[in-house]
Amino acid sequence: MGALELRGVTKNFGKTEVIKGVDLTVNAGEFCVFVGPSGCGKSTLLRMIAGLEDTTGGDILLDGRRVNDLAPARRELAMVFQTYALYPHLSVRDNMGLALKQAGASRSEITAATDRAAAMLELEPLMDRRPAELSGGQRQRVAIGRAIVRRPKLFLFDEPLSNLDAALRVATRIEIARLHRELKTTMIYVTHDQIEAMTLAHRIVVMRQGRIEQVGSPMELYNNPANTFVAGFIGSPQMNFLDATALGLAPGRVGIRPEHLTISRGTGEIPATVSHIEKLGGETLVYARHPQHGMLTVRLFGEHDYSVDETVHLTLHRERMFEFDPAGKRRT
Amino acid sequence: MKARASTGRTIAAHAVLLAYTLIALFPVFVIVINSFKSRKAIFADPLGLPLPGSFDLVGYRTVLHQGDFFLYFQNSLIVTVASLFCVLLFGAMAAFALSEYRFRGNTLMGLYLALGIMIPIRLGTVAILEMMVASGLVNTLTALILVYTAQGLPLAIFILAEFMKSVSDDLKNAGRIDGLSEYRIFFSLVLPLVRPAMATVAVFTMIPIWNDLWFPLILAPAEDTKTVTLGAQVFIGQFVTNWNAVLAALSLAIVPVLVLYLIFSRQLIRGITAGAVK
């Protein structure tokens with residue numbers, strides 16, 4: 001029995017089907033990330049778990065109990081929103097304590113809980129400020145603190161880092177990972193950023209158009225994608241897709257990650273023309289064009305020099321390539 | 001170059017606005033200065049300022065002694081404040097429901113409620129009077145409050161619904177997860193955030209109610225339910241009009257609305273310029 005179970009969950013907005021039957025079990029203490037392009041239904045699914053959206057069909061079970069008709073506040077979960085959603089008229093302390101106050105906790109319990117959460121997130125100096133007096137990163141830490149205070153059975157994160165700048169995003173990501181290690185509570189985290197998914201998750205749920213495409217650990221998805229969508233979505237820079245017939249294989253496509261292509265000025269399987277080069281210091285990305293395969297990305301470690309329009313030869317590591325049938329499914 | 005162009009534009013804008021202010025305030029100014037003059041001085045020199053020779057408080061004395069002007073003021077205030085309260089409360093609640101909940105007929109309901117903006121309520125005067133007679137509300141302040149609430153609601157709902165749509169969904173959802181009731185979400189999260197819009201609606205609702213002569217005259221003309229605007233009519237006769245008293249009554253009638261306006265004005269400006277000024 002999982003901490004959260006979804007059984008054939010569907011959702012319609014009017015006549016449009018946004019969630020088309022989702023089955024999923026999230027184990028207790030797991031960090032599960034829903035990832036997918038915008039509009040894939042991942043946020044809607046999260047809001048359905050929270051009880052903020054009605055379920056059209058199927059069952060949602062928390063700890064084995066069906067919660068479809070339970071109000072959000074009674075599902076014993078906490079949610080962190082992309083826009084922080086702090087109450088503008090309350091101080092940080094009151095923001096964090098409101099849920100407990102609503103639940104009828106005593107003042108000393110509330111103070112103890114908020115102080116503990118504040119200590120975890122180093123919010124003590126900010127406790128008497130209003131949200132308007134905080135920076136974006138501080139606001140998101142308060143929002144996370146508000147979630148911790150309730151000691152929920154399940155944490156829900158709805159793209160919590162999307163409004164933060166790059167440096168803060170990394171810092172907050174590490175903080176969330178640390179919190180999960182300390183609290184050991186089940187967490188569900190929605191993001192469109194596959195790097196966040198890869199770095200945080202125990203298990204990633206890749207969604208597209210209201211359906212689950214694949215569920216697995218980050219490395220399972222990376223090393224064993226079920227179809228071209230998952231293969232292209234996980235990993236950065238994106239996987240290269242080549243024409244299989246041109247390589248003398250059964251019709252369909254062949255996927256190869258940029259790091260599994262070698263480049264040479266002398267000889268190789270695929271001759272291509274360099275069209276762009278990105279030097280990042282630690283690695284170099286070479287974009288080369290081939291008339292049949294299109295644009296191919298090669299990832300090289302260290303600094304390398306190629307000039308635009310130069311002809312190069314690329315070689316595939318055959319043991320690292322993935323074969324897909326014309327429908328995009330992985331060939332086994 | 002650019003700075004100079006904008007200075008020129010600023011001067012032009014100010015000139016236009018000042019001219020408009022003068023035109024708008026001139027009648028008020030004439031009423032106020034003449035209310036402090038003797039009858040003779042009003043007719044001799046209507047535009048003259050009250051000087052030692054022409055200064056006279058006879059108008060104010062008449063108003064305060066003849067008729068029960070304090071009662072009229074009280075009636076006007078009760079009607080205006082009670083109607084304003086009802087319009088803001090029910091208008092905001094309806095706007096919240098329309099903007100927040102998905103239910104069958106939502107759009108239709110919104111259109112129906114906004115219809116009143118285009119149809120003047122006075123067209124229904126006869127039916128309203130019949131209803132008030134049937135329910136025994138003629139010559140009560142309740143009749144006026146009900147009518148003014150109905151009159152103010154359409155615009156209030158229309159404006160407030162637009163503003164409420166702009167309140168973050170995440171905030172309301174956070175409240176729901178923390179266990180706030182829909183009423184608490186409405187009163188303590190949403191209403192404070194649409195306060196500028198509420199002030200705008202309050203001003204636009206309040207002034208027509210305060211100034212109205214039509215409904216008090218028809219629905220509540222009795223001595224103890226008269227409003228100020230109706231009370232001032234006693235000084236206007238078919239043959240003789242007591243101008244001192246009329247002008248004094250009107251000058252006095254400006255004060256309470258002015259006070260209410262000043263209370264709302266800071267919020268009002270924010271409400272009107274929301275979105276227009278970044």
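What share of the contacts in chain B with a separation of 6 or more is accounted for by residues 24 or more positions apart? In this predicted model, the figure is 75%.

Chain B has 13 helices and zero strands. The C-alpha atoms fill a box of roughly 70 × 70 × 30 Å along the principal axes. Chain B has 278 residues, and 33% of them count as buried.

Seven residues from domain 1 of chain B and seven residues from domain 2 of chain B make the contact. On the domain 1 side, two helices of chain B each supply at least two residues, namely H1 (2-35) and H2 (39-44). Which of them gives the most to that side? H1(B) does, with five residues. By class, the side of domain 1 of chain B that touches domain 2 has four nonpolar residues, two polar and one charged.

There is also a record to mention for chain B. The UniProt entry, which is unreviewed, annotates residues 73-264 of chain B as "domain: ABC transmembrane type-1". In the model, that span is 74% helix and 0% strand. Its end C-alpha atoms lie 20 Å apart.

Now the contact between the chains. Here 12 residues of chain B are in contact with 16 residues of chain A. Which elements of chain B give two or more residues to the side that touches chain A? They are helix H8 (169-177) and helix H9 (182-193) of chain B. H8(B) provides the largest share, six residues. As for residue classes, the side of chain B that touches chain A divides into six nonpolar, three polar and three charged.

That brings me to chain A. The domain assignment again gives two parts: domain 1 covers 4-230 and domain 2 covers 238-324. The C-alpha centres of domain 1 and domain 2 of chain A lie 38 Å apart.

I will take two sheets of chain A in turn. One is an open sheet of six strands with mixed pairing, in the order E6-E7-E8-E3-E9-E10. Its edge strands in chain A are E6 (77-80) and E10 (211-216), and each of these pairs on one side only. From one strand to the next, the twist averages 20 degrees. Inside this sheet, strand E3 (residues 31-35) and strand E9 (residues 203-208) of chain A pair in the parallel sense, over four bridges. To pick out one residue there, the bridge partner of A:Val33 in E9(A) is A:Ile204.

The other is an open sheet of five strands in chain A, with antiparallel pairing and the order E13-E17-E14-E15-E16. Which strands sit at the edges, pairing on one side only? They are E13 (261-264) and E16 (294-301) of chain A. Neighbouring strands of this sheet are turned by 45 degrees against each other on average, direction ignored.

On one pairing, E13(A) and E17(A) run in the antiparallel sense over four bridges. Here A:Leu261 has A:Leu316 in E17(A) as its bridge partner. On another pairing, four bridges join E17(A) to strand E14 (residues 270-279) of chain A, and the two run antiparallel. In this case A:Pro271 stands opposite A:His313 in E17(A).

To sum up, chain B has helices and zero strands, and H8(B) gives the largest share of its side facing chain A. In chain A, one sheet has mixed pairing, and the other sheet described here has antiparallel pairing. That is all I have for today.

Notes
Residues numbered from 1 in each chain as written. Chains lettered and ligands numbered in written order. Predicted model: local features only at pLDDT ≥ 70, side-chain atom pairs only at ≥ 80, totals over all residues. Contact = placed C-beta atoms within 7 Å. Nonpolar A, V, L, I, M, F, W, Y, C, P; charged D, E, K, R; others polar. Pairing = 2+ DSSP bridges. Axes fitted to C-alpha atoms, helices over the stretch in contact; angles between N-to-C directions. Domains from an automatic or database assignment. UniProt positions renumbered as here; feature names shortened; annotations may be inferred. Buried ≥ 20, exposed ≤ 12 C-beta atoms within 10 Å, placed from the backbone.
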